[in-house]
Amino acid sequence: MLIKCPRGWELPESMATPETAYFNRRTLMKGLAAGSILAATGFPSGHVLAAKASDPPADDPSAKLYPFKKNEKYTIDRALTDPEVNATYNNFYEFGSHKEIWKDAQKLPIRPWMVTIDGLVENKIEISVDDLMAKMQLEERLYRHRCVEAWAMTIPWSGFPLKVLVEFAKPLSAAKYLVMETFTNAKVASGQKQFWYPWPYVDGLTIEEATNELAFIATGAYGKPMAKQHGSPLRLAVPWKYGFKHVKSIVRFSFADKQPKTFWQTVQASEYGFWANVNPEVAHPRWSQKTERLLGSGVRVPTLLYNGYAEAVAALYLGKEKEPLFR
Ligand SMILES: Nc1nc2c(c(=O)[nH]1)N[C@H]1C(S)=C(S)[C@@H](COP(=O)(O)O)O[C@H]1N2
Ligand SMILES: [Mo]
C-alpha cells in the first residue's frame, strides 16, 4: 500500500485563505480606490501615496507579468496574513528602527535597478532586475515567515528559486558562501544616516543553503509586485530561518570562500548569528522562542523546528551540531 505522507508544509489547506479570495478582494479594492481620493497628506511632493499600504509600487513596470502560477508543493496549514497587516508592520532599518516605515519606504526608487553578481564567479554580471526576471521562471509559493522577535506571518510570495540564480551566476568551485547586500542611499533611506549601524545591510547563506529547494528570491507578494516596504524589487525568502536573514532590496549577490560577517552579527553577535535557524527549544537571550504571535489575529501558536520545514532542510546541518545553528 502506498501512503502519501504530507510534508510539514503540505498539510491540508482548509485553513488557508483561498487564492481567489484575495484576488477578488483586490479587484473590489481597486474599484473602491478608483472612486476615492488618493491621500497625499504628509507625503513628499511628486509622490502620490498609494490607496493601500499593500499596493504595488507605481513605478514597477513588471506589474503586467503578474500573477504567476502557484507551486502546489508550497502551501501551508494556516490562513494567509491580511496583506494590509503585513504591509504596515515591517522591519526595514534603512527607513527607521521601528515598524511603521511603510510610507517612508515609498521614497525608494526601484527603477532602474541594477543587480551585480560578482566575487568567485566565472564572469562578473551586471543585469537589470527586469532582464533577470525575464531569464527566470516565476511562480507563487505560500511560505511561513518567522521573525526572531516572535511574530509571524503567512505570505504568498512570487519569485524564483535562488538555486536558478546560483546556476546563472556560474560560481567557481572555491565559492562556499553567497553574500547578499541591500542598496545604500541615505538620501531616501534616512535610517542609513544612523552611522552606528554597519550599512549596507548584508547577510549570507552557504552554497548548500542557497541551492536548497526552499531558498527563494521574492519579487512580488499576493499576486502582484511587492510593496516597497517588503524589500522591492528583489528580496530573499528562506522560511526555515529567522526573518533577519531575509535581505531586502538586494543590489548584489557575491560569492565568497569565507563566511561573511553579517549586519546583525556586527550589531549584536551574541544574539544574532550566521545560521539563525528557527528552533522553539533555543531561547533568544532575552525571550523564549517556544511560541509566536500571528500578525493580524494576535493568536499565539507553537513555533516549529526549522519553522516547519525540517524535512527539506535538516540534512543541511548534519555534522554541524557544534555550530550555533539556532541563533
Ligand atoms: N535590508 C534590510 N533587510 C531586512 C531588514 C532590514 O532592516 N533591512 N529586516 C529583516 C527582518 S528583522 C525581518 S523580520 C524581515 C521583515 O520582512 P517584512 O517587513 O517584509 O515582513 O526583513 C528582514 N530584511
Ligand atoms: Mo526580524
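Asp77 is partly exposed, with a relative accessible area of 24%; here, buried means under 20% relative accessible area, exposed over 50%, and partly exposed in between (1.4 Å probe, protein chains only). The structure is a predicted model, in which local features need pLDDT of at least 70 and side-chain atom pairs count only at pLDDT 80 or more, while totals for chains, interfaces and linings use all residues. Residues are numbered from 1 along each chain as its sequence is written, and side-chain values use heavy atoms, leaving out hydrogens and water.

Asp77 forms a salt bridge with Arg144, with 3.0 Å between the closest N and O atoms; the term stands for a side-chain nitrogen of Lys or Arg within 4 Å of a carboxyl oxygen of Asp or Glu. Asp77 lies in the loop between α1 and α2 and Arg144 in strand β3 (residues 139-146), so this pair ties together parts 67 residues apart in sequence. Helices (H or I, at least four residues) and strands (E, at least two) are DSSP runs, numbered from the N terminus. Arg144 is buried, at 3% relative accessible area.

The loop between α1 and α2 also holds Lys73, whose partner Glu213 sits in the loop between α6 (207-210) and β7 (216-221), so parts 140 residues apart in sequence are tied together. Lys73 is partly exposed at 29%, and Glu213 is partly exposed at 26%.

Arg111 and Asp60 are both buried, and their side chains meet in a salt bridge of 3.3 Å, N to O. Lys52, Asp55 and Glu84 are linked in a salt-bridge network. Across the whole structure, 21 salt bridges are found.

Note on methods. Chains are lettered from A and ligands numbered from 1 in the order in which they are written.
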